[in-house]
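Here is a colleague's note for a reader new to protein models. Keep the structure open beside the text and look up each residue as it comes.

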Amino acid sequence: MTSAPHPTPLTADDDWWRSAVVYQVYVRSFADSNSDGVGDLEGIRQRLPYLRDLGVDALWLTPFYTSPQIDAGYDVADYRDVDPIFGNLGDFDAMITDAHALGLRIIVDLVPNHTSSAHPWFTAALAAGPGSPERERYLFAEGKGEQGELPPNDWESIFGGPAWTRVPDGQWYLHLFDPAQPDLNWRHPEVRAEFEDVLRFWLDRGVDGFRIDVAHGMIKAEGLPDVGFNSMTTGQRQSELLGKGRLPYFDQDEVHDIYRAWRPILDSYPGGRMAVAEAWAETPQRLARYIGADELHQAFSFDFLDATWSADSFRKVIDTALAESTIVGAPTTWVLSNHDRQRHVTRYGDGEVGLRRARAAALLMLSLPGCAYVYQGEELGLPEVLDLPDELRQDPAFLRTGESRDGCRVPIPWSGELAPYGFGPEGSELSWLPAPATWRALSVAAQAGVTGSTLELYRAALRIRREHPALAGTDGITWLETEPGVLAFRRTAGDAELTCVVNLSGAEVTVAGHGRPVVASADLTERGDGHVLPVDAAAWFERR
């Protein structure tokens with residue numbers, strides 16, 4: 001293990017995260033530097049100039065820690081080292097140094113709900129046996145039934161099937177995800193102390209923030225009570241319940257004690273170190289509890305991701321999110337896609353329709369106050385890959401439920417006419433998942449400098465967002481009266497105004513009175529004193 005460097009903070013701006021655009025890097029699918037078909041830290045380092053030129057402020061890296069890779073690195077065996085498939089700590093240090101030199105901050109994924117079954121703590125727990133101090137770090141329990149042959153309760157795994165696995169000595173251990181991901185006992189002081197030390201380890205190496213995986217799940221209700229599932233409860237229904245936090249293993253009040261202990265650690269480092277929660281809660285009010293001066297800085301607004309393609313749906317989600325953020329004094333965090341959800345080009349209809357809507361949604365998101373998270377490849381207009389061969393899928397949920405997240409994780413295309421489209425060094429033909437032939441027209445090289453391409457749309461929007469005074473702050477929005485099916489709101493700063501108009505009406509509309517257009521997701525034509533905004537399109541207009 002190499003010694004940690006002593007980095008200088010990027011800037012003195014402690015509030016950078018309030019209006020940042022963060023680019024999510026799915027490490028294994030971003031860029032491969034050594035021709036093994038898997039993305040790595042050196043690959044990220046080599047592509048940092050691309051991300052600087054795109055115009056983002058920070059990168060969020062999915063887990064790159066030592067791991068058996070049962071769940072793509074979300075099964076961590078060593079929280080303080082880099083898995084060899086991604087490089088080593090020296091590669092991480094070089095990458096973060098270069099990122100900071102380019103003005104890019106680095107956010108790393110933290111997985112505190114569970115470890116890998118290969119983690120030294122869990123192997124020690126299995127060896128020590130029932131009643132041992134080693135087992136107290138996890139959630140082991142006796143089974144029900146005459147011989148303890150039944151699970152301790154009726155909890156089901158998010159990946160499908162029981163949430164309990166029995167070990168040879170008869171006890172059961174809890175895993176809300178895969179059996180290779182045993183849940184930690186967050187009421188144990190050693191667990192809390194361990195993760196506080198992990199935070200410091202990466203903060204000392206210069207990371208600017210953390211994305212907290214399953215931030216709502218670390219505390220389970222006392223006594224591990226049954227949920228009440230029965231034979232009429234479907235997997236789909238359970239997923240709905242899980243998403244709303246109505247289960248005894250999600251969104252327990254005691255989880256907030258953890259974040260109140262973490263916040264002083266983050267605040268003790270210069271440069272505005274931050275944390276964002278991947279949290280699901282029953283109501284926006286409960287989600288807002290994760291955010292505040294004494295807890296976390298942000299929580300993802302998944303309701304925005306789940307909004308249907310309608311003006312009413314988007315407006316309701318935006319109003320609710322902005323109202324809640326105002327209460328807690330923190331910015332709203334917007335997201336359209338990530339590594340766990342189908343890409344929004346496909347969610348919005350796929351093909352030409354889905355791409356039109358995805359481009360419009362991007363302008364909508366990037367014009368809202370707060371922080372925006374962009375998932376790698378969405379700036380290229382990538383759709384979900386729906387026809388991957390089953391034998392190549394690696395999502396552990398696939399074998400248990402038949403549902404797979406692999407389609408949004410296919411390595412992104414950089415250049416060339418043949419797959420894997422520049423994912424690795426010149427001449428490399430390996431890629432852990434295959435890209436479709438249609439992606440050659442969507443590569444970075446195919447879109448760079450091409451007027452009207454999705455890549456150039458993102459570059460233009462991000463440049464304007466960074467430079468325009470009306471978009472620079474975190475003040476709210478003013479909704480404007482429009483015809484049905486059209487969203488329009490204005491943001492202002494002094495004499496500067498920027499208006500975003502999104503046409504979800506199903507017919508072209510004429511937009512007038514907002515000034516000159518500065519960027520649009522589709523071609524505009526002049527009509528009288530205004531401009532015709534096509535169906536499923538968005539545009540920004542400015543007055544200064």
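1. Start with residue classes. Ala, Val, Leu, Ile, Met, Phe, Trp, Tyr, Cys and Pro count as nonpolar; Asp, Glu, Lys and Arg count as charged; the others, Gly among them, count as polar. By that rule, the lining of the second largest cavity holds five nonpolar, two polar and five charged residues.

2. A word on the source. This is a predicted model, in which local features need pLDDT of at least 70 and side-chain atom pairs count only at pLDDT 80 or more, while totals for chains, interfaces and linings use all residues. Residues are numbered from 1 along each chain as its sequence is written, and side-chain values use heavy atoms, with hydrogens and water left out.

3. Next, the cavities. A cavity is a set of points, on a 1 Å grid over the protein atoms alone, where a 1.4 Å probe fits but cannot get out; lining residues have an atom within 4 Å of a point. Grid points are joined across faces, edges and corners, and a volume is the space filled by probe spheres set on the points. The whole structure has three cavities of 30 Å³ or more.

4. The largest cavity holds about 70 Å³ of space. Its lining includes Ser-337, Arg-343, His-344, Glu-378 and Tyr-458. Five of the lining residues are nonpolar, four polar and three charged. Which helix supplies the largest share of this lining? H11 does, with three residues. Helices H10 (344-347), H11 (351-367) and H14 (454-467) each give at least two. Helices (H or I, at least four residues) and strands (E, at least two) are DSSP runs, numbered from the N terminus.

5. The second largest cavity holds about 50 Å³. Among its lining residues are Tyr-26, Arg-28, Ala-72, Asp-406 and Trp-432. Look at Ala-72 again. It is not a glycine, yet it has a positive phi of about 50°. Ala-72 sits in the loop between strand E3 (65-66) and strand E4 (78-82). Is Ala-72 buried or exposed? Its relative accessibility is 14%, so it counts as buried. Buried means under 20% relative accessible area, exposed over 50%, and partly exposed in between (1.4 Å probe, protein chains only).

6. Val-214 also deserves a look. This residue has a positive phi of about 45° although it is not a glycine. It lies in the loop between strand E9 (209-212) and helix H5 (235-244). Val-214 is buried, at 4% relative accessible area.

7. Check one peptide bond too. The bond from Ala-419 to Pro-420 is cis, with omega near 10°. Pro-420 belongs to the loop between helix H12 (396-401) and helix H13 (444-447).

8. Now find Ile-106 in strand E5 (residues 105-110). Ile-106 is buried because its relative accessible area is 0%. Leaving aside neighbours within four places in sequence, its contacts (heavy atoms within 4.5 Å) include Leu-59, Met-95, His-100 and Val-207.

9. Last, a sheet. Three strands form an open sheet in the order E17-E20-E19, with antiparallel pairing. E17 (509-511) and E19 (525-527) stand at the edges with a single partner strand each, so one side of each has no neighbour in the sheet. Two strands pair if DSSP finds at least two bridges between them. Three bridges join E19 to E20 (residues 530-533). Glu-526 has His-531 as its bridge partner in E20.

Definitions and conventions:
1 Å grid on protein atoms, 1.4 Å probe; cavity = no way out; pocket = protein on both sides within 12 Å on 5 of 7 lines; lining within 4 Å.
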